[in-house]
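Please read it alongside the sequence and the coordinates.

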Amino acid sequence: MGDDLLPLTACPDPDPDPDPERSEGEGKGKGGRVHPPSPVPLPALNSTHVPIDEPMSEAQPASKHDRQVAGLSGGPKTNYASAVKNTAPAEPVDPKADQLAADLLVIDRVLAGHRNDFGLLINRYSDALYRHALGMTGSPDVAEDILQMSFIKAYQHLSEVRGRFDAWVFRIVANACKDWLKNIRRTHLSYDEDDQASSFNTPEEELDRSELRTDLDKALATLPASLREAFIMKHVEGRSYEEMADLLGTTVGALKMRVHRAREALQVLLEEKYAG
Amino acid sequence: MMRDERDDQVVRRGTYALHAWLDGDGSEWAARRAAAPGAREVELWKRVEAEAARRRSEHAPEGLRARILAALPAEPSQPAPPRPRESSRRSKRLPRS
């Protein structure tokens, strides 16, 4: 998802009131969740001066407990660790830890009553999740519905987030897609081509591409959900096997096997028409 | 070595090189070299990859954020109270004297 992430500061804050209770020293949110230490006194989210996910140079010292709760204690050293020793040379920053911390801050604000801040999380993750849902269902309308339902579900269960929000909300969307595939046994799927922006030049190219688009969707629809999911994550979403394993809770080897089997099945279906 | 076995080996090598290329672990050149004459599958996957790249640039529809925000319930659920620890749930037994 890394490429898709919008900086939180790029998102306009529809709820501009800063929370005075959180002006210094992060601790527990309304839900009693403990967060990694706030890098700086929590800014109003609409502030352009102190972005929420700016490099954490003035972080409060993190207690061992804080880092354990944030799932950071066993992993690579993060900027939190470097924040403890301000005199130490800069250590490599773990972007995932930064993202985790930024998401948890937003979640805490939402749980504290700043409902519209949930829009920051939607902005941040909706493109990648939409692509997943679109790849899995083949229908822009269904993908949008799934995204809407999934974000509402995520909002309703927001206090249950432990660890990475992006992985948690991805699982909600992925499960919704699989449920949809189970319930709707469709033999073929097609894109609504009117919705697709065209970037091709000649009518021949356009026709060829749109044919491939339709045939690829049809071929994908014949794959079992697990193979289709793996193929979409690898090829359409451009994720690494490690990232996929992290999100799906399985091994890199198993995912490679699924992707390879998906490719072989697709190749059989598409080869005659498109190869050579 | 029988001809069938040799053919199988060639196919396996070609398949391995193709997947390695698609996984980003090998070069297109190696995939083409190991593929059957004409490298038809390499051409197929280049076209599929171009279509996949187009899909990678898809964005969520305009207005989705606003629609979701409008549909959110008034408040998220509040967390359940923490469960008592296993040790405190266990009945305390007094040591036998």
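The numbered points below take up each topic in turn.

1. Basis of the note. This is a predicted model, in which local features need pLDDT of at least 70, side-chain atom pairs count only at pLDDT 80 or more, and totals for chains, interfaces and linings use all residues. Residues are numbered from 1 along each chain as its sequence is written, while chains are lettered from A and ligands numbered from 1 in the order in which they are written.

2. Confidence in chain A. The mean pLDDT of chain A is 71, and 57% of the residues score at least 70; pLDDT is the predictor's confidence in each residue, from 0 to 100.

3. Two residues are in contact if their C-beta atoms, placed from the backbone, lie within 7 Å. Residues 187-200 of chain A also have a pLDDT below 50, with 23 contacts in the model beyond near neighbours in sequence. Where pLDDT is low, the predicted coordinates should not be read in detail.

4. Content of the chains. Chain A contains 10 helices and 0 strands, and chain B contains 5 helices and 0 strands. Both kinds of element are DSSP runs numbered from the N terminus (helices: H or I, at least four residues; strands: E, at least two). Of the 276 residues in chain A, 37% are buried; of the 97 residues in chain B, the buried share is 19%. A residue is buried if 20 or more other C-beta atoms lie within 10 Å of its own, exposed if 12 or fewer, and partly exposed in between, with C-beta atoms placed from the backbone. For contacts in chain A with a separation of 6 or more, 65% come from residues 24 or more positions apart.

5. Helices α4(A) and α5(A). Helix α4 (residues 118-137) and helix α5 (residues 140-156) of chain A pack at an angle of about 140°, with their axes 9 Å apart. Axes are lines fitted to C-alpha atoms, for helices over the stretch in contact, and angles run from 0 to 180 degrees between N-to-C directions. The two helices are therefore oblique to each other, given that angles under 35 degrees count as roughly parallel, over 145 as roughly antiparallel, 65 to 115 as roughly perpendicular and the rest as oblique. Residues making the contact include A:F118, A:I122 and A:L129 of α4(A) and A:I146, A:F151 and A:Y155 of α5(A). By class, this contact has 13 nonpolar, 2 polar and no charged residues. Here Ala, Val, Leu, Ile, Met, Phe, Trp, Tyr, Cys and Pro count as nonpolar, Asp, Glu, Lys and Arg as charged, and the others, Gly among them, as polar.

6. Helices α9(A) and α10(A). The axes of helix α9 (residues 241-248) and helix α10 (residues 252-274) of chain A come within 9 Å and cross at roughly 105°, which makes α9(A) roughly perpendicular to α10(A). The contact is formed by A:Y241, A:E242, A:M244 and A:A245 of α9(A) with A:V252, A:L255 and A:K256 of α10(A). These residues divide into 5 nonpolar, no polar and 2 charged.

7. Helix α8(A). Of the 12 residues of α8(A), 10 are buried, so this helix is largely enclosed by the rest of the structure. Among the buried residues are A:R228, A:E229 and A:K234, as well as A:L227, A:F231 and A:I232. After α8(A) comes A:G238, whose phi is positive, near 65°.

8. Contact between the chains. Chain A contributes 42 residues to the contact and chain B contributes 29 residues. On chain B, α1 (3-22), α3 (40-56) and α4 (64-71) each supply at least two residues of the side that touches chain A; α3(B) gives the most, with 10 residues. That side of chain B comprises 14 nonpolar, 5 polar and 10 charged residues.

9. Two residues of chain B. B:I68, in helix α4 of chain B, is buried, with 23 other C-beta atoms within 10 Å. Leaving aside neighbours within four places in sequence, B:I68 is in contact with A:I122, A:Q148, A:F151 and A:I152. B:E43, in helix α3 of chain B, is partly exposed, with 16 other C-beta atoms within 10 Å.
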